Amino acid sequence: MAPSKTETKAIPTQVKNPALVEQRRRQIVDAAVNLFVQNGFHKTTTRQIAQSTGISIGALYEYITTKEDVLYLVCDAIHAEIERGVAEALERSKNGNNPLEEMVGEYFRVCHRMSDHILLIYQETRSLPGKWRQVVLENEIRVTGIFTRVLAGLMATGALPRIPSRKLDLVAHTTTVLGHMWTFRRWFLSNHYSIDEYITFQTRNILGMCRESAKPESMPP
């Protein structure tokens, strides 16, 4: 999971090797998510995170300054993984596959792999300082914007019918939330459906939503 430029600049580090910073922060994120899920954010200490990561508490503070920094790194890891996966899906679509189907499928699989991360962020974002909360919200908008651009591109080629811009944003946000739905309801969904079945079902819904949104609105009586 490559860190984003925002994350690299936002959290200072004393380590000069970018590759080592990326490796250590990835280890810190993975260890912290498990602890936050088990114990809760507020009851987890930085010392526990260091022990679970396998480094000293002093070494931990070479990569972060506060526990809130760790929570932000979790947020950033999610968004970085989503952006990477979607970019790869769009690249695969150049072979003739439908880019929307490729992108939705990859996005849902990222949500599946990072279910604990996503659920944690929804529960604990309020624990972030205000500046970090703002960055997380901006990242969410950026991810949704990827769907908006792909939909607009498909409309331009005629692969999808024209959707009014106001509805286009709503379709993009709905698509984003449908990925998160697998996380929120996985306690039920994963016991009855595979992730591939969920992707097939929701992709058809999204395509149907696009077609329905393209229909002209009826005039009120």
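Predicted model: local features only at pLDDT ≥ 70, side-chain atom pairs only at ≥ 80, totals over all residues.

User: Confidence before anything else. What does the chain average in pLDDT?

Analyst: The average is 87, and 94% of the residues score at least 70.

User: Where is confidence lowest, and where is it highest?

Analyst: The lowest is helix H1 (residues 5-10), with a mean of 49, while helix H10 (residues 186-192) is highest at 95. Residues 1-8 have a pLDDT below 50. In the model that stretch still has 17 contacts beyond near neighbours in sequence.

User: OK, on to aromatics. How many pairs are there?

Analyst: There are eight aromatic pairs in the structure. Take Tyr72 and Trp132: their ring centres are 4.5 Å apart and the planes are at 15 degrees, so this pair is stacked.

User: Which helices do Tyr72 and Trp132 lie in?

Analyst: Tyr72 is in helix H5 (residues 67-92) and Trp132 is in helix H8 (residues 130-157), so the pair ties together parts that are 60 residues apart in sequence.

User: Are Tyr72 and Trp132 buried or exposed?

Analyst: Tyr72 is buried, at a relative accessible area of 0%. Trp132 is buried too, with 6%.

User: What about Tyr122 and Phe184, how do those rings sit?

Analyst: Edge-to-face: the centres of Tyr122 and Phe184 are 4.8 Å apart and the planes are at 85 degrees, which is over the 60 needed for that label. Tyr122 belongs to helix H7 (residues 115-124) and Phe184 to helix H9 (residues 165-184), so this pair ties together parts that are 62 residues apart in sequence.

User: And how accessible are Tyr122 and Phe184?

Analyst: Tyr122 is partly exposed, with 45% relative accessibility. Phe184 is partly exposed as well, at 32%.

User: Which residues form an aromatic cluster?

Analyst: Tyr107, Phe108, Phe147, Trp182 and Tyr198 form one.

User: Where do lysines sit over rings?

Analyst: Lys67 has its charged end over the ring of Phe41, 4.6 Å from the ring centre. Lys131 lies over the face of Trp132, at 4.6 Å from the centre of that ring. Trp132 is also the residue stacked with Tyr72.

User: Switching topic: helix H3. Which of its residues are buried?

Analyst: In H3 (residues 46-53), the buried residues are Thr46, Ile49, Ala50 and Thr53. Looking down the axis of H3, they fall within an arc of 100 degrees, so they line one face of the helix.

User: What covers that face?

Analyst: The cover over the buried residues of H3 includes helix H2 (18-39), helix H4 (57-60) and H5.

User: And what follows H3?

Analyst: Gly54 does, with a positive phi near 95 degrees.

User: Now the charges. How many salt bridges are there?

Analyst: The structure holds twelve. In one of them, the side chains of Arg142 and Glu83 meet at 2.6 Å, N to O. Arg142 is in helix H8 and Glu83 in helix H5, so the bridge ties together parts that are 59 residues apart in sequence.

User: How accessible are Arg142 and Glu83?

Analyst: Arg142 is partly exposed, at 32% relative accessibility. Glu83 is partly exposed at 22%.

User: What does Lys94 pair with?

Analyst: Lys94 meets Glu91 in a salt bridge of 3.1 Å, N to O. Lys94 is exposed, with a relative accessible area of 65%, whereas Glu91 is partly exposed, with 47%.

User: What about Arg92 and Glu106, where do they lie?

Analyst: Their side chains meet in a salt bridge of 3.4 Å, N to O. Arg92 lies in H5 and Glu106 in helix H6 (residues 99-113), so the pair ties together parts that are 14 residues apart in sequence. Arg92 is partly exposed, with a relative accessible area of 33%. Glu106 counts as buried at 10% relative accessibility.

User: Last one: which residues are linked in a network of salt bridges?

Analyst: The network links Glu81, Arg84, Glu88, Arg92, Glu102, Glu106 and Arg113.

Terms used:
Residues numbered from 1 in each chain as written. Heavy atoms only, no water. Phe/Tyr/Trp six-rings, centres within 6.5 Å; stacked < 30°, edge-to-face > 60°. Helix = DSSP H or I, 4+ residues; strand = E, 2+ residues; numbered from the N terminus. Buried < 20%, exposed > 50% of the residue type's maximum accessible area, 1.4 Å probe, protein only. Lys NZ or Arg CZ within 6 Å of the ring centre and 35° of its normal. Arc of directions from axis to C-beta. Contact = heavy atoms within 4.5 Å. pLDDT = per-residue confidence, 0-100. Salt bridge = Lys/Arg side-chain N within 4 Å of Asp/Glu carboxyl O.
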